[in-house]
Amino acid sequence: MASLRAHFYDIAVRVAVKARVGRQSDIGAIRRAFDRETFPSPLGVTFTVGELGGVAGEWAEPEGGPQNGSEERPALLYLHGGGFIACSARMYRPITGHFARAGLRVFAPDYRLAPEDPFPAGVEDCVAAWRALSAREPAAIAGDSAGGNLALATMVEARRLGLPLPAAAALFSPATDLVGRSPSFRTNARRDAMFRPEALTRLVPAYLDGADPADPRASPIEADFSGFPPLMIHVGTREILRDDSLRLADKARAAGVSVSLTQFPVVPHAWQLAESFLPEAQASLTEAAVFLRRALEAVPEAVA
């Protein structure tokens, strides 16, 4: 059962986002609507500008961490959402900070955004950051929306390039099919609190810039998932992207991948950003942190 706050938050998002950008065609206006630091950064976390593999970004670590003599904390690469055109590591501090407070050392890259730097620039940046992180230590990966797409694309490329795969991946409402074949893209058009289908459809050409939307790096649903690490997927029942997650779970399971899938009622897209007050956001992030830490702790000592 959804919390009362989830119902209020659904209404707030409809007014603040869907009503303003639902029929907007200007990419700049959509970007400005997304690029708002609406939620506070979690307390007890140190955020530090840094880089991995030549890609700028931000580290999130618990205050008084390993530098004070405690054991090195497990690493996580977090890829933020924003429709491939907007947002930043800084804006996603509510999520990366939550993971940091749960005992993870998180790097969120500021990967290149479209339309200035279209596909595959963002994928290349995420792979570069993953290459650098995985060369140092076992790590996990996570992302939401466009960032969930990029997390899957990073794993597709890591396998092709012979790089280590993550110990596990946590995906929040990942966009897995840029061809737009998921039924919920139409059946949830009215129920989704944040997006109208036409709004997302406009972002795809800006991101792909003429590239094939069925390229597995753009639409990971096209990839072969054999040998992938355990996946945890969270998605809202009302989202137009819901079936992107359901189809991903079905295909990954058919390939022998361990998949945990949870559908949350009422909550709007990217609800995890509201972790400061929304019980469903706290539950989602806490479950993901436990899942990722357990996977990392299970990595054999010899590999580490």
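Which residue forms a salt bridge with Arg242? In this predicted model, the partner is Asp243, and the closest N and O atoms of the two residues lie 2.8 Å apart. A salt bridge here is a side-chain nitrogen of Lys or Arg within 4 Å of a carboxyl oxygen of Asp or Glu. Arg242 is buried, at 17% relative accessibility, and Asp243 is buried too, with a relative accessible area of 8%. For these labels, buried stands for under 20% relative accessible area, exposed for over 50%, and partly exposed for values in between (1.4 Å probe, protein chains only).

Because the model is predicted, local features need pLDDT of at least 70 and side-chain atom pairs count only at pLDDT 80 or more, while totals for chains, interfaces and linings use all residues. Residues are numbered from 1 along each chain as its sequence is written, and side-chain values use heavy atoms, with hydrogens and water left out.

The salt-bridge rule gives a count of 16. One of these joins Arg101 and Glu275, with a distance of 3.5 Å from N to O. This pair links distant parts of the chain, 174 residues apart: Arg101 belongs to helix α3 (residues 93–101), and Glu275 sits in the loop between β8 (259–264) and α9 (279–297). Helices (H or I, at least four residues) and strands (E, at least two) are DSSP runs, numbered from the N terminus. Arg101 is partly exposed at 45% relative accessibility, whereas Glu275 is buried at 6%.

Another salt bridge connects Arg136 with Glu137, their closest N and O atoms being 3.9 Å apart. Glu137 is buried, with a relative accessible area of 16%. Finally, a network of salt bridges links Asp177, Arg181, Glu222 and Arg247.
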